[in-house]
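Colleague: I am new to reading protein models. Could you walk me through a few features, one at a time?

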Amino acid sequence: MESRHLGRTGLRVSRIGLGTLTWARDTGEFEAAEQLKVFWEAGGTLVDTADVYADGGAEYILGRLMEDLVPRRDLVVATKAGSVPDPDRRFDGSRGHLLSALDASLTRLGTDYVDLWQIHAFDPFTPIEETLQALDIAVGSGRARYAGVSNFCGWQLAKAATWQLAGPGTRTRLASTQMEYSLLQRGIEREVLPAALDLGIGVLPSSPLGRGVLTGKYRHGTPTDSRGASDHLAPFVEPYLDADATRVVDAVTTAAHGLATTPLQVALAWVRDRPGVVAPIVGARNATQLGAALSVESLTLPDEICQALDDVSAPVHRYPDQDWSTL
């Protein structure tokens, strides 16, 4: 698998990442091991997790697998902190919480450092300079090699990145931003993606297959073994089962037929090769499903197919996102 630089840094990662959202919840340790083995053997390096995935269970499984199955040195381990199970305060970006969360993550992962540590979401109740200081401390202490953010909107990302570049003292440049991005969710193109491109921040798309909908599996109903049939994940899938999404999925399916490939590969290749994207994060139910996603490595979409998909999925961007003189 090819690798790419993560933003304007020297860190290189595989251009497809492995997601672990369902590990220790819907995906057991044996299935997780099969996935990691398939990913590693295909040349994959970037594995993404978070301290809240299965209440730390995903990190724990990954740590066991790095001890017994795949050498730690062969992986780029990314984790996140800041989300909390508190209905009154979903995000805690305080320095104390973040650094304690990082220490707990390292214990579960069985390692003394993570390659990429990301703030899971913006906390409006904590000064941004305090949140960012936690990144500086983590990198300065060697507990994290690089730092990034996740789920920051455009102005939040620009403010955070600018502070790190222009603030006093030695600051850690933001390497990445992890955001949902697919043919069914192109909202980051309004402000986040332009900011990331301008500031040299690599984009790590989550849910690059439109929460599974872009594979075409929901075109004629909800498969019993799919996330859409799961009590706790059905609400996650449902927003992408409307008429607008159906039109995009139909276009992806048509393109796949014309290229003698699958809708999954078409949708994943589209987002993988968008400007600013470093590595889409793919979460799979099993190793077979993951292998199908990894087979996209040999596919590059023709320009005319990309343009057709751009057109059918184009979001409405008007003032002030376009040059006012063209409106």
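Colleague: How many aromatic pairs does the structure hold?

Modeller: Rings of Phe, Tyr and Trp (its six-membered ring) pair if their centres lie within 6.5 Å; planes under 30 degrees apart count as stacked, over 60 as edge-to-face and the rest as tilted. Here there are 3 aromatic pairs. In one of them, the ring centres of Phe-122 and Trp-155 are 5.5 Å apart and the planes stand at 70°, so this pair is edge-to-face. Phe-122 sits in the loop between β6 (114–119) and α4 (128–140), while Trp-155 belongs to helix α5 (residues 154–166), so the pair ties together parts 33 residues apart in sequence. Helices (H or I, at least four residues) and strands (E, at least two) are DSSP runs, numbered from the N terminus. Ring pairs also link Phe-122, Phe-152 and Trp-155 into a cluster.

Modeller: Before we go on, remember that this is a predicted model, where local features need pLDDT of at least 70, side-chain atom pairs count only at pLDDT 80 or more, and totals for chains, interfaces and linings use all residues. Residues are numbered from 1 along each chain as its sequence is written, and side-chain values use heavy atoms, with hydrogens and water left out.

Colleague: Is Phe-122 buried or exposed?

Modeller: Buried means under 20% relative accessible area, exposed over 50%, and partly exposed in between (1.4 Å probe, protein chains only). Phe-122 has a relative accessible area of 15%, so this residue is buried.

Colleague: Which charged residues sit over the ring of Tyr-113?

Modeller: A charge sits over a ring if NZ of Lys or CZ of Arg is within 6 Å of the ring centre and within 35 degrees of the ring normal. Arg-72 lies over the face of Tyr-113, at 4.3 Å from the ring centre. The charged end of Arg-145 also sits over the Tyr-113 ring, 3.8 Å from its centre.

Colleague: And disulfides: how many does the structure hold?

Modeller: A disulfide is a covalent bond between the sulfur atoms of two cysteines. The test used is a pair of cysteine sulfur atoms within 2.5 Å, and the structure holds 0 disulfides. Cys-153 has 31% relative accessibility, so it counts as partly exposed. Cys-306, at 23%, counts as partly exposed too.

Colleague: At what angle do the axes of helix α8 and helix α9 cross?

Modeller: Axes are lines fitted to C-alpha atoms, for helices over the stretch in contact, and angles run from 0 to 180 degrees between N-to-C directions. The axes of α8 (residues 243–259) and α9 (residues 263–272) come within 8 Å and cross at roughly 105°. The two helices are therefore roughly perpendicular (angles under 35 degrees count as roughly parallel, over 145 as roughly antiparallel, 65 to 115 as roughly perpendicular and the rest as oblique). Residues making the contact (heavy atoms within 4.5 Å) include Val-252 and Leu-259 of α8 and Pro-263 and Val-266 of α9.

Colleague: What is the phi of Asp-55?

Modeller: Most residues other than glycine have a negative phi. Asp-55, however, has a positive phi near 55°. Asp-55 is in the loop between β4 and α2 (57–68) and, at 71% relative accessibility, counts as exposed. Ser-207 also has a positive phi, near 45°. Ser-207 lies in the loop between β9 (202–206) and α7 (234–237) and is buried, with a relative accessible area of 19%.
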